[in-house]
Amino acid sequence: MSEKELGKKWDRCLADSAIKLGTGLGLGIVFSVLFFKRHTWPISFGSGVGLGMAYANCQNDLRSHYLQHRSKKVTHT
Amino acid sequence: SLAATLTALSADVSEDTLCLSLCDSRHRRTKTDRCLFLSGGGAAKVVAAGLVTVGGGIGGTILYAKWDNKFRAAVENNVPYSDWLLGLALGPPSPKSGLPIKKQYKDCHEHQDTSVTAAVHPDTESPTATEPLKERPVEEVAAILAQQDQEEQDIATSVSASLEESLTSSAKATLQAIGAQEAALQAITRHTLKLKEAMEAEEKSAQWKDLEAALADRTGAVNDAETALSKANEALDSLKSVIDKSKGLKVSAVRPLVLAAEENLHNMVVDLDKVVTKVHSAESEAKIVSQYSELVNEAKQQFQREVSSLTPEIQANWKGLTGKLSSDDLNALIAHAHRRIDQLNRELAEQRVREQIHIDAALEQQKLEDQKALEKAVSTALQHIKEEARLEQERKLSELREVMEAEMRTQLRRQAAAHTDHVRDVLKVQEQELRVDAEQVLSSKMLEQETRYRQLSQEQLDNFTLDMNTAYARLKGMEEAIDSHVVAEEEARKAHQLWLSVEALNYTLKTANADIPTVPLEGAAQAVRDSCHDSDFALALSSALPEESLHRGVYSEASLRARFNSLRSLARRVALIDESHNSLYQYFLSYLQAALLFEEKQEAPPAQLCSEDLDPFKLLSYASYCLEHGDLELAAKLVNQLRGEARRVVEDWLTEARLTLETRQVVSLLSAYANAVGLGTTQAP
């Protein structure tokens, strides 16, 4: 069902963004604690990186049909 | 200033430059005219000199061209328009060379004369020569021949008439002449006889009267004879001229006439000559006799004179005076007689002596006369013989001609015979040909008749077979009708079966529930296929059912409708997303638009979509309307107009809708077909 595809994409997107954000945040915290004397900037940096990556992935996923370099279309029946 | 100019001229300076310089200086002065003239004087001189040279050249050329034609020709060839100029000045060019032309002309003229004369002869000859070449028609030839014969006949008749005329006239004249000559001859002989008689017999006045009468007669006769002779000669001459003229005509038919006339002429001439010679001989004889009689008369007269001189008393006619004479007279008379006898004897002796001489002289004379006569006779004889020879020749010629003509006639007869033979042969051949043609015609006619007979019999046969065929056909028709009834019933049964299967197929379509497709249509389709073996249309239709519907079944319209409603909101949300706008931000905007934009839930679609109607919201409302009103097809069409992500979202729904529509269409067609077939078979008779 083609109408369910979008919903699936959003699911993935959200999950991915949650993971990435969390990971980024965590890593940021870790790095901030370990290497950067508890500055806040690595945290925001890490979360930003995570968010950015999530955003890019999400966008890429949503766009994936329209990009030509893909060898096969993602079709879900 | 003028003087200064002139001195400048004499000072041997180029006047032009000086003048010009002067003119320049005096340019503003009023003496420009003279200056110009003077300045132009040099130019004028040059111009004049040039003109003179050119004119002289042209004039010289013209004069020389007049004298020498070759030069003129060369000039005309090389200089354009010079021929016009020279023609204007000198007239057209004379012929190329003068003297040779004259000779040529003379020769040409002579040649022309001879050729003309020669041409005249061939012209006259050639028509006559060409005439025999072309074959004149027979009638023309016959006509010409007849005409020629006629002409000849006419000429012959005319000539013969003239000849006869002249002949008769000349014959008359000749006869007259001959008669006159004979009369003259007779008169002469009579006269001579009378003279002789008168000499021998006694003198009688009656005899002398007779003699005179005879003499007159003779002279008259001789005159008559002469006139008659002249007349005859005239007539003969005219005849001769006529003969010559007719000879000059050169007509063959006239020749025998001419020949005969000539012979007649010759005979007449001969006779005339003979008679004339006779008359001449008679005349000569008469002359002798007259001479003798004259001598005798003279002697008598002398004697008489002597006697009278002796006896003057005695008169004439001394015979009757025997009684009257005296003896003296008698003695004187006897003495005289003796003397006379002596004289006579002496004369006789003298005569005898001179006899020979006299005889010789007489002979000479006679010889001369004989010679003359001989010559004359010879000449006349020669003439006569010549004439006879010529006549003989002519006769022989005419004979020869006759012989030739006879021969020619035989040859012609032979030719005619050959011609008749040839004609006979040709006729035979023609007869053969005509017979063959007639036989051919006959055979063709016979053939025609036979064919017609055959044709008629064939026609009869054909008619019979035709009748038989029609009867047979009708029988066959009846059988076929019966068979077709059976067939029709079979067909009806089949149609019924088809209808039933199609109905079953139709029923399976209804087995769809909400969200559950129908049962696979395979079985029903197979049943339909089984029941329509012979119908290609139905087979094609049944095979046109889409695979999905056969194996999986199709969704009902209601399920599709429900699905669409859920789809609609999704499509609304992604209305702005397409190939170029598909970032997250666009997604956010699209969701915002969907939240904020309100459209009609259902809107009736127009008959024609314009560009504004292609807005996804509008399309979706149109599609909803259609779906609510049961028009799945139109709804599918409208949904098909979506583009971009919205289209991707509704793709599956669209496919399902298509499947359903296809299946429904096929099934409806099949049912329509089955109905039609059923209706067809169950038609009332």
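Okay, let's start with one pair: A:Glu3 makes a salt bridge to B:Arg563, and the closest N and O atoms sit 2.9 Å apart. This is a predicted model, by the way, so take that distance as computed. In total, there are two salt bridges between chain A and chain B.

Helix 1 of chain A has the largest share, with six residues. By class, that side of chain A has seven nonpolar, four polar and four charged residues.

Now the size. Chain A brings 15 residues to the contact and chain B brings 20. Between them they bury about 1,600 Å², with 56% of that on carbon and sulfur atoms. And here's our A:Glu3 again: along with A:Leu6 and A:Tyr66, A:Glu3 supplies 42% of the area chain A buries against chain B, more than any other three residues.

Last thing, confidence. The predictor gives the complex an ipTM of 0.85 and a pTM of 0.39. Chain B averages a pLDDT of 81, and 84% of its residues score at least 70. One stretch to flag is residues 114-131 of chain B, where pLDDT stays under 50 and the model has eight contacts beyond four places in sequence.

Terms used
Residues numbered from 1 in each chain as written. Chains lettered and ligands numbered in written order. Predicted model: local features only at pLDDT ≥ 70, side-chain atom pairs only at ≥ 80, totals over all residues. Heavy atoms only, no water. Contact = heavy atoms within 4.5 Å. Buried area = accessible area lost by both parts, 1.4 Å probe. Salt bridge = Lys/Arg side-chain N within 4 Å of Asp/Glu carboxyl O. Helix = DSSP H or I, 4+ residues; strand = E, 2+ residues; numbered from the N terminus. Nonpolar A, V, L, I, M, F, W, Y, C, P; charged D, E, K, R; others polar. pLDDT = per-residue confidence, 0-100.
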